[in-house]
Amino acid sequence: MVIIYLVVRLKNEAGLKEKLEQKLNETDVRKENFELETIKSKLNPHLFKNVLNSIQSHAYQSYYALDKLSNVLDYILYESDCDYVTLKEETDFALSLIEINRLKVSPLFDLRIKNRIDPEDVLLNQKLIAPLITIDLIENAFKHADIQSPDAFIAIVMTLTDATFSLVVSNKISVKPILKKEKSGFGKENLRKRLDLVYGPRYTLEHRTENNIYIAHLKINLLEQKAQMSSAGR
């Protein structure tokens, strides 16, 4: 009887421990989802503000700008609520955003855009990318670039090589200090936090400065992300 009592008690304690661990895991998941939603809620209004300011300052190009704005708004309204979008959808959005930001600079400004993603790549149309993940790096380049300098430039390169999506954004750093405004940006810290929540160890984000050129390099291993999503039943 004593042995039976001990066995039953051990089973009950094991079951209780399992339930507690399950509740902790569910709490962690809810916390991560809450943090992710909070970040996303901060992100969209900031994007709207920057886009509308660009169009307002160049009203003479309003038709072209509104066409690009339509693409951006469609993406935000219909795709940003999704957990994942395709790489094609995200890069198309990024290119529209770049064209809107182009209005901020002179037509002679050195803006280099290269999309080296093979349109036939099988990963291009699979939902593996967190929506709006490219915004921060692109917006920061236009915000901090030395636009007035004769050798100023912004370079944006997107590639998909060996199942890894790469976004490299570089710009000549402005010698003028950037005026900091309250609640004026998404920020490196929040971007990295979002990447941590979505991709964990399956991404790298590097920031460095070389000869007054600021370089940001984001890499996401899509094959590993696909495997992780499959194992999680997504």
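Biologist: Which residues touch the most other members of the largest nonpolar core?

Modeller: Ile129, Phe165 and Leu222 do, in a core of 50 residues. Keep in mind that the model is predicted. Helix α3, residues 87-102, gives the largest share of this core, six residues.

Biologist: How do you know which strands sit at the edge of the open sheet, and what is the strand order?

Modeller: The order is β2-β4-β5-β7-β6, five strands with mixed pairing. β2 (110-115) and β6 (203-210) each pair on one side only, so by the pairing rule of at least two bridges they are the edge strands. From one strand to the next, the twist averages 10 degrees.

Biologist: And what packs on the sheet?

Modeller: Helix α4, residues 135-144, does, touching β2, β4, β5, β6 and β7 (213-221). The direction of α4 makes about 10 degrees with that of β5. Helix α5 (residues 188-199) lies across β6 and β7, and runs at about 155 degrees to β6.

Biologist: Why are β4 and β5 called a pair?

Modeller: Pairing takes at least two bridges. Strand β4 (residues 153-161) and strand β5 (residues 164-172) have eight, so they qualify, in the antiparallel sense. Leu160 stands opposite Phe165 in β5. Two residues lie between the strands of this hairpin, and Asp162 in the turn has a positive phi of about 50 degrees.

Biologist: How many bridges join β5 to β7, and which way do the two run?

Modeller: Nine, and the two run antiparallel.

Biologist: Why is β5 described as largely enclosed?

Modeller: Buried means under 20% relative accessible area. Eight of the nine residues of β5 are buried, so the strand is largely enclosed by the rest of the structure.

Biologist: What makes α4 "mostly covered"?

Modeller: Seven of the 10 residues of α4 are buried. They are Ile135, Asp136, Leu137, Ile138, Glu139, Ala141 and Phe142. Over the protein, with its 234 residues, 40% count as buried.

Biologist: How many cavities of 30 Å³ or more does a search of the whole structure find?

Modeller: One. The largest cavity holds about 40 Å³ of space.

Biologist: Why is that space called a cavity?

Modeller: Leu137, Asn140, Ala141, Val169, Asn171, Tyr214 and Ala216 line the largest cavity. The elements giving two or more residues to that lining are α4, β5 and β7. α4 has the largest share of the lining, three residues.

Biologist: Finally, how many helices and strands does the protein have, and in what order do they run?

Modeller: Six helices and seven strands. From the N terminus on, the order is α-α-β-α-β-β-α-β-β-α-β-β-α. As for contacts with a separation of 6 or more, 75% come from residues 24 or more positions apart.

Key: Residues numbered from 1 in each chain as written. Predicted model: local features only at pLDDT ≥ 70, side-chain atom pairs only at ≥ 80, totals over all residues. Heavy atoms only, no water. Helix = DSSP H or I, 4+ residues; strand = E, 2+ residues; numbered from the N terminus. Axes fitted to C-alpha atoms, helices over the stretch in contact; angles between N-to-C directions. Contact = heavy atoms within 4.5 Å. Core = buried A, V, L, I, M, F, W, Y, C linked by side-chain atoms within 4.5 Å. Buried < 20%, exposed > 50% of the residue type's maximum accessible area, 1.4 Å probe, protein only. 1 Å grid on protein atoms, 1.4 Å probe; cavity = no way out; pocket = protein on both sides within 12 Å on 5 of 7 lines; lining within 4 Å. Points joined across faces, edges and corners; volume = space filled by probe spheres on them.
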